[in-house]
Every structure is written in structure tokens, then in C-alpha cells.
Amino acid sequence: MTVAPNPQSVLEVIENKMIPEKSTAINWCKIQWRAVLAEMVATMMLVLFGCMACIPLDGFDLPSMYGAFGFGLAVLFNIQIFGHISGAHMNPAVTVAALIWKKLSFPLAVAYVIAQCLGAILGYGILVGVSPMNVAENGVCLTLPHANHNFYNTLGIEIVLTSALSLLNCAFWHPANHEKIESLAIKFGLAIVGLSLAGGPWTGASMNPARSLGPAVWTGNWTMHWVYWLGPMIGTSIAAVFYKITFFNYP
């Protein structure tokens, strides 16, 4: 799943500071820990609330769109809360695109991905603890391919969905949109809803390796899990490079 850094974020201000060449790892941690912590908490909330919307309710047939709106709205409020601190990526695929665009350094990107994975595992773990049903045993919120899909189909759909998400991120990173960030949270939240509705029935519309990792760890179901890493990483890389080469200097 998820989102673009705010061009005016605290993260970018920090990254632009003049840091002495002999800066130690401790100094780096002192500067970056808030952004890394924000990524962990944001991803935790994304998985917790997004997957909570996927839990079947007694006596109520849960519409398939519940999950799509759950994740979309979770993205919306996380951007509003954490966007100015870390960019609210909540997604290793978004972090890779940001790295390609040089929106953050390689060490910070690695720290982001680790924090996102830990946050996703923690978020689903909290859901396991508070849910009235055994969500892990029932495989709630697992991203699994359609029964008639092989790994080529699943990989292709995840590439396409994540490419669309990455293009949206790149559009907001474009210098021409530097001052056009109003309603950013709403735009990304609705984009996630749309992409989830389109791809959910086929692959679960992960677009986010961390989001798929959390449920997989707790349920022990690793069916085609590697596709939910490879697909988003290929999709986000292709889209980010394509947009940067083709449209970065336009208009």
C-alpha cells in the first residue's frame, strides 16, 4: 500500500541539513529516529485497522469492499498524522521509489523497510490478541492469489497495481507539484481504495510487501509470498525510473 512524502516534511528538512563527515551512527540515530519510529507506528496502524475491516462479523455478510475502504482510510489518516514526520510510506515499495528519486538516503531507506516490516508484524499481532475470533487460524487478511491464477498472473497484477501507485507518488514528487499538496491524504486514500477494489479479488491487492508479511508471519501461510515482494519491487522500480526519465523535466 502506500504513500508519498510531503515535500515540506520534517524528513526532507533533516536530509538537507549539513551533517559533518565524521558523524557517527549514534548521531545519525539521534537525527533519524523519529522518522523511523513514525514508519513503524504508521505501518502498524495500517495493518491493524486495514485488516480489522476484513474480519467477518457474526450474522452479517461482509461486503468485499470493506477491506478496500478500511485500508484506504487507514492510509488517509496515517498520511495526515505522520506525513510531515517521515513521509508516511508504510510500504517498502514506496521507500524504494523514494530512494530512486533520491528523496532519502540508502541507510534511511533500509531503516524504513525494517521498521515497516516490524510494524506490520506488530499490527497483525495486536489484531490476533484483541479479535473475538482466531484471525490467524482463519487466515483473515492474507494476501493470496485467485484460485485460477498461477504465479505469472499474480506477479503481473501486483506489478501493474504497484506501478500505478508508484506513478502517483512520482507525480507528487515532481517539482511542478511542489505547491499542490492540498488534500494529499484524501487523494492517496481514495487511490488505495480504487486499486484495492480493482485488484483485491485477484491477488488481494497487496502492493506492499510489509502488509503481506504481517499476516504471513502470524498465520504461517507463505503461499506465493515471494510474489508479494518481487511484484511490488519490480512495479515500483519500473514506474519510478520511467517517470523520472520521461516526465521529470516537464513542464
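Author: A polar contact here is a pair of N or O atoms within 3.5 Å; within protein, one must be able to donate a hydrogen and the other to accept it, and neighbours in sequence count only if both atoms are side-chain atoms. This is a predicted model, so local features need pLDDT of at least 70 and side-chain atom pairs pLDDT 80 or more, while totals for chains, interfaces and linings use all residues. Residues are numbered from 1 along each chain as its sequence is written, and side-chain values use heavy atoms, leaving out hydrogens and water.

Let's start with T143. The side chains of T143 and S212 make a polar contact at 2.7 Å. T143 sits in the loop between α5 (106-130) and α6 (151-173) (helices are DSSP runs of H or I, at least four residues, numbered from the N terminus). With 6% relative accessible area, T143 is buried (under 20%; exposed is over 50%, partly exposed in between, 1.4 Å probe, protein chains only). Leaving aside residues up to four places away in sequence, T143 touches T203, G204, S206, R211, S212 and Y228 (heavy atoms within 4.5 Å).

Now the rings. Phe, Tyr and Trp rings (six-membered for Trp) pair with centres within 6.5 Å: stacked under 30 degrees, edge-to-face over 60, tilted otherwise. That gives 9 aromatic pairs. F49 and F77 are edge-to-face, because their centres are 5.8 Å apart and their planes at 75°. F49 belongs to helix α2 and F77 to helix α3, 28 residues apart. W101 and W173 are tilted, at 5.9 Å and 50°. W101 is buried at 6%, and W173 is buried at 5%.

Methods:
Helix = DSSP H or I, 4+ residues; strand = E, 2+ residues; numbered from the N terminus.
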